[in-house]
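Please look over the sequence and the model first.

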2 protein chains.
Amino acid sequence: MLILEMIRAHRPVSRAEIAKRTRMSATSIGRIVGDLIEFGLVKETDQFSSGVGRKATLLDIDVQSILSVGVEVDRNIVLIGLVDLDGNIVAEQRRTIDRQLAQPESLAGIIADMVMQLAEAHGLSPSKFIGVGIGMPGIIDSAEGTAVFSAQLGWKNERFASIVEAKLGLPVVLDNDLKVKALGESSEGAMSDQGKTALISIGSGVGSALVVEGKIYRGANNIAGEIGHSTVDPNGKLCECGKRGCLQTYIADLAMLQEAGQIKPVSSVNELFSLMNAGEAWAFNIIDRACTYAAVAVSNVVCTYNPDVIILTGDFIDSNPEAFDAVSGKLKDFIWEPFAGTFELKRSKLGKKSVMIGAAKLVLQQRLDRGLRND
Amino acid sequence: MLILEMIRAHRPVSRAEIAKRTRMSATSIGRIVGDLIEFGLVKETDQFSSGVGRKATLLDIDVQSILSVGVEVDRNIVLIGLVDLDGNIVAEQRRTIDRQLAQPESLAGIIADMVMQLAEAHGLSPSKFIGVGIGMPGIIDSAEGTAVFSAQLGWKNERFASIVEAKLGLPVVLDNDLKVKALGESSEGAMSDQGKTALISIGSGVGSALVVEGKIYRGANNIAGEIGHSTVDPNGKLCECGKRGCLQTYIADLAMLQEAGQIKPVSSVNELFSLMNAGEAWAFNIIDRACTYAAVAVSNVVCTYNPDVIILTGDFIDSNPEAFDAVSGKLKDFIWEPFAGTFELKRSKLGKKSVMIGAAKLVLQQRLDRGLRND
């Protein structure tokens, strides 16, 4: 992965240049480059390195030699994309799913159909597909490919990766949506792979994820970053989980709408923003408090992860431009001085495609780390 | 490091067994083992592997072939130990330091004197010393060897590693005390290096650290884990940093003693515990709330890091046996259900020697990762 990424970022590049940048031995590089050429990912160009010393053939990458299939599954949608080695989407399809069809077997069938249709429609041979990455909400055991618990889909202990694998005959990697989203957002060329990118998502739920030097930080059970139930006030509001003062009781969609309901019925957070903009003080109060706790969440993620980039995203932020600025403005009240200036707070760049692109990147990463050979 | 640790944990062991366990190539193992033998860390035994196939010479480790110097520096003490490859202390010395002597130049001189005296007193040649690891409180730029800020020692931007290096002529690694403490506590043979160990310390300050698969997680600026100023109540008590509701305002020594002072002067947290045990309700109230916020801290560290082990330590915990049990008992009120049973809450095993042992381990790790050759 490292060497492929190096060739991708600096192409065309010589083996000697790769050795210099990676500090790996010429022997190791020769072996890995040989494999990459054999599998058609890398090709020798007819250009030669300039500069002094022996002339060396430059290596280039064939970005569409293989494609990763990225899939986002959520409460009522499936989004599938075929993604090349540059992270560009070659083809994509979105489908709305009935709640009844969101069972593992039928959903796996839908995914398999969509992948084959996409390939056919774009004249792409499925033999180019290196694997399928799936991002979905919930607690996911990625090593086992199991959806341990997903409130959104109503699943418990479903071995979904195996089910999709059986339908498609391709390796499948399953992971939590925010984890792959963070992976997708963290990649801006090779440089960003040196960094620590945290992602915070605020919407129907609240969560975070961390990517360290291009790898998802999982913790012991792949549930690192589940900050929705971290405590931000031990004497605070009662949460559905039975505890008091969980972060999500202040900023998740439903919590805000429930509180709004004490004044009048409000059906969406967007409507709440409209009411605020129409001058309703109580709507401002609810949103303002949510932004305060969002700033607390950013500060607490900064204290624990010490990232250099934080992506602040989720429906609450992405659908309401003023929310990002409000949270950003409140940060100074919560960030401890030694952390000031250590990170950049950013919006999502990939938007609604970030889970799909991140999932495609994850399966590519895992396949390349295993040397592309079938286990 | 990996191979040395493998030999250490499974000694005596054959090259083939190492290859099986590490999944590294025979060539790489041959080269690294060759280096380790050349430097005297590993020796071939006269035993042979049993089992089928060609008989292979078994490798053993010479645990005292090299020694790491571990140093803890704090407000008024210096603790130095010579630590072998098994993590055992071969010799140690503790010295109380006047506040006036705690300046970088004079403190470096004291450390150098103590190391040379220890070597002489135990008939050890300093040529065995692989390097010096120093753990101290504050914000430390470990890559640069600089104490960026240490309130405890009153230092700002002191290049302390270079100063000690100049006095001793040995490579010096400087790091934050809690980070090396977590590294020290995380090592229980080779197995624990697969895990995620978090450490939370409560005493004059509050902080945490994370060790992932045997490596300190540093974040972008080596200040990951500084949870003392994470917000646990945005409307809470005013903190010396100017913010409200920082974790440390509820559980740091001084915060508790200040509050106690509203009733009567109390000079130490131990005295506060005595008063509680003598039946003073207000003393119980202060300690009980500190234990509540300590449980919140544990829960929030669990949510973000998802560790499999948490070491709960610091003077508040280590000096008062009832504190650990109180925090442990309150945890059920704060741990979100999916995290229940994912981690073990433990006391410190190394106690007052943990920073010293961890610092010795860190310098060993860094020296071995660079292949033992001088840069």
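## Helices α8 and α10 of chain A

Helix α8(A) passes helix α10(A) in a right-handed crossing, where a crossing is called right-handed if the near helix is turned clockwise from the far one by less than a right angle, and left-handed if anticlockwise. The helix α8(A) covers residues 253-260, and its axis and that of α10(A) come within 10 Å and cross at roughly 155 degrees, which makes α8(A) roughly antiparallel to α10(A). Axes here are lines fitted to C-alpha atoms, for helices over the stretch in contact, with angles running from 0 to 180 degrees between N-to-C directions; angles under 35 degrees count as roughly parallel, over 145 as roughly antiparallel, 65 to 115 as roughly perpendicular and the rest as oblique. Helices (H or I, at least four residues) and strands (E, at least two) are DSSP runs, numbered from the N terminus.

On the α8(A) side the contact (heavy atoms within 4.5 Å) is made by Met256(A), Glu259(A) and Ala260(A), and on the α10(A) side by Trp282(A), Ile286(A), Arg289(A) and Ala290(A). By class, this contact of α8(A) with α10(A) has five nonpolar, no polar and two charged residues, with Ala, Val, Leu, Ile, Met, Phe, Trp, Tyr, Cys and Pro counted as nonpolar, Asp, Glu, Lys and Arg as charged, and the others, Gly among them, as polar.

## Basis of the model

This is a predicted model, in which local features need pLDDT of at least 70 and side-chain atom pairs count only at pLDDT 80 or more, while totals for chains, interfaces and linings use all residues. Residues are numbered from 1 along each chain as its sequence is written, chains are lettered from A and ligands numbered from 1 in the order in which they are written, and side-chain values use heavy atoms, with hydrogens and water left out.

## Domains and an aromatic pair

The domain assignment, which is automatic or from a database, divides chain A into domain 1 (2-61), domain 2 (67-183 + 353-369) and domain 3 (190-348). The centres of domain 1 of chain A and domain 2 of chain A, taken over C-alpha atoms, are separated by 32 Å.

Over all chains the structure holds nine aromatic pairs. The rings of Tyr250(A) and Tyr293(A) have centres 4.0 Å apart and planes at 5 degrees, so this pair is stacked; rings of Phe, Tyr and Trp (its six-membered ring) pair if their centres lie within 6.5 Å, and planes under 30 degrees apart count as stacked, over 60 as edge-to-face and the rest as tilted. The pair links distant parts of the chain, since Tyr250(A) belongs to helix α7 (residues 248-251) and Tyr293(A) to helix α10 (residues 281-305) of chain A, 43 residues apart.

## Helices α1 and α3 of chain A

Helix α1 (residues 2-10) and helix α3 (residues 26-38) of chain A pack at an angle of about 75 degrees, with their axes 10 Å apart, which makes α1(A) roughly perpendicular to α3(A). Ile3(A), Leu4(A) and Ile7(A) of α1(A) meet Ile29(A), Ile32(A), Val33(A) and Leu36(A) of α3(A) in this contact, whose residues divide into seven nonpolar, no polar and no charged.

Most residues other than glycine have a negative phi, and most peptide bonds are trans. A cis peptide bond, with omega about -10 degrees, joins Arg11(A) and Pro12(A), and Pro12(A) lies in the loop between α1 and β1 (13-14) of chain A. Arg23(B), although not a glycine, has a positive phi of about 60 degrees, and its place is in the loop between α2 (15-22) and α3 (26-38) of chain B.

Arg218(A) lies in the loop between β14 (215-216) and α7 of chain A. Leaving aside neighbours within four places in sequence, Arg218(A) is in contact with residues including Asp175(A), Gln366(A) and Asn306(B).
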